[in-house]
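Have the model open as you read.

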Amino acid sequence: MKKLSLIFITFLLLSSLGVAFAQEPEVDVKEIQQTINELSLQLATIKDPAQAEAILDQIYTLSLEMMKDPEYARKVKEAENSLRKAMKEKLIKDLIETGTPPEEAFRIGEEVFGPGEGSQWTAPVKASSVDWGKLQKGDIMHVRDKEKPITYLFAMYFSHSGLAHDQRWSYESNPSTGVKLLPITRNFQVLGRIVALGYTKGKSRWELISALEQAEARYGTDGRTPYNYWFPDKWTDSRLYCSQLVWKTNFLFLGKDVDSNDWRYLVWLCSRWPNIWGLACWVFAYLAVAPDEIFLSPETVYYSIGTVE
């Protein structure tokens, strides 16, 4: 009997040790954020895309570690829900403004950004497809590419932006190409991705086309303007990232500032990165421009959003 009791006690001790060893170690969010901040500062001078991508990959991996902290994850999720709600409200308003029946606009809003509290949409909704037939030269395009999570370091929903050169070509900036005309099938017309189509408000089609052509003349269409990894410098002309190109085209050639600096985006960004790129989050948000910020701009309106089929 004593032998069995000893075996049982030993088993309990080993089990408790096993549980202890199996537990996730506590995550030091502040320490990780400091490491991320130091890594991001290296992007100010790096010109090699491979090196920049390696740093961004490290930042992304560390961001996943922070999400293991329950309190940090809770705050990020709350901020994300608030931002999603703002984007859904903007989308519904835009769709109605551009001719979509209200009931259909509400259905699409729920489909794209998720149901809110007390939503009447309890059954699964049918996925909408993108109305590519309405796309015109000079239009703004945003895409959600869930296959590349690294692009979501500073983007909650849309990961990439560009301008329509026509219905076959897009004017955009990518790490591997710089600013270039690319087939629209490369990043936007990709099966399963979610794409939004819109344009800048208060401007004629001729003005939108003229702005695009001026941008193409200024920055080139052959990749001569490289990709900008220093995100908080949206003002530079020497290198451009995707949403910066869209913003520049509007700011310089249409006199429109489509960087909304929406406070819901700011709250979300600060929930993830209190300090980044050596800057306080609110300073970074003002100096950079993300696809989500352009989507939320009162200077833009969207007439179609859906899944590429």
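At roughly what angle do the axes of helix H4 and helix H9 cross? The axes of H4 (residues 70-97) and H9 (residues 263-272) cross at roughly 160° and come within 8 Å. H4 is therefore roughly antiparallel to H9, a label for angles over 145 degrees. Axes here are lines fitted to C-alpha atoms over the stretch in contact, with angles from 0 to 180 degrees between N-to-C directions. Helices are DSSP runs (H or I, at least four residues), numbered from the N terminus.

This is a predicted model, where local features need pLDDT of at least 70 and side-chain atom pairs count only at pLDDT 80 or more, while totals for chains, interfaces and linings use all residues. Residues are numbered from 1 along each chain as its sequence is written, and side-chain values use heavy atoms, leaving out hydrogens and water.

| Pair | Axis distance | Angle |
|---|---|---|
| H4 and H9 | within 8 Å | roughly 160° |
| H2 and H3 | within 10 Å | roughly 170° |
| H7 and H8 | 9 Å | about 110° |

Between H4 and H9, the residues in contact (heavy atoms within 4.5 Å) include Tyr72, Val76 and Leu83 in H4, and Tyr265 and Trp268 in H9. By class, this contact of H4 with H9 has eight nonpolar, two polar and four charged residues. Nonpolar covers Ala, Val, Leu, Ile, Met, Phe, Trp, Tyr, Cys and Pro; charged covers Asp, Glu, Lys and Arg; the others, Gly among them, are polar.

H2 (residues 29-41) and H3 (residues 49-66) are also roughly antiparallel to each other. Among the residues that meet are Ile32, Ile36 and Leu39 in H2, and Ile55, Ile59 and Leu62 in H3. The contact of H2 with H3 divides into eight nonpolar, five polar and one charged.

H7 (residues 205-219) and H8 (residues 242-253) are roughly perpendicular to each other, the term for 65 to 115 degrees. Ala211 and Leu212 are among the H7 residues in this contact, and Thr249 is one of those in H8. Seven nonpolar, two polar and two charged residues make up the contact of H7 with H8.

Ala211, Leu212 and Thr249 are also among the residues lining the largest cavity, which holds about 50 Å³ of space. A cavity is a set of points on a 1 Å grid over the protein atoms alone where a 1.4 Å probe fits but cannot get out; lining residues have an atom within 4 Å of a point. Grid points are joined across faces, edges and corners, and the volume is the space filled by probe spheres set on the points. H7 gives the largest share of the lining, three residues. By class, the lining has six nonpolar, four polar and no charged residues.

How values were computed
Helices (H or I, at least four residues) and strands (E, at least two) are DSSP runs, numbered from the N terminus. Angles under 35 degrees count as roughly parallel, over 145 as roughly antiparallel, 65 to 115 as roughly perpendicular and the rest as oblique. On a 1 Å grid over the protein atoms alone, a cavity is a set of points where a 1.4 Å probe fits but cannot get out, and a pocket is an open set with protein on both sides within 12 Å along at least five of seven lines; lining residues have an atom within 4 Å of a point.
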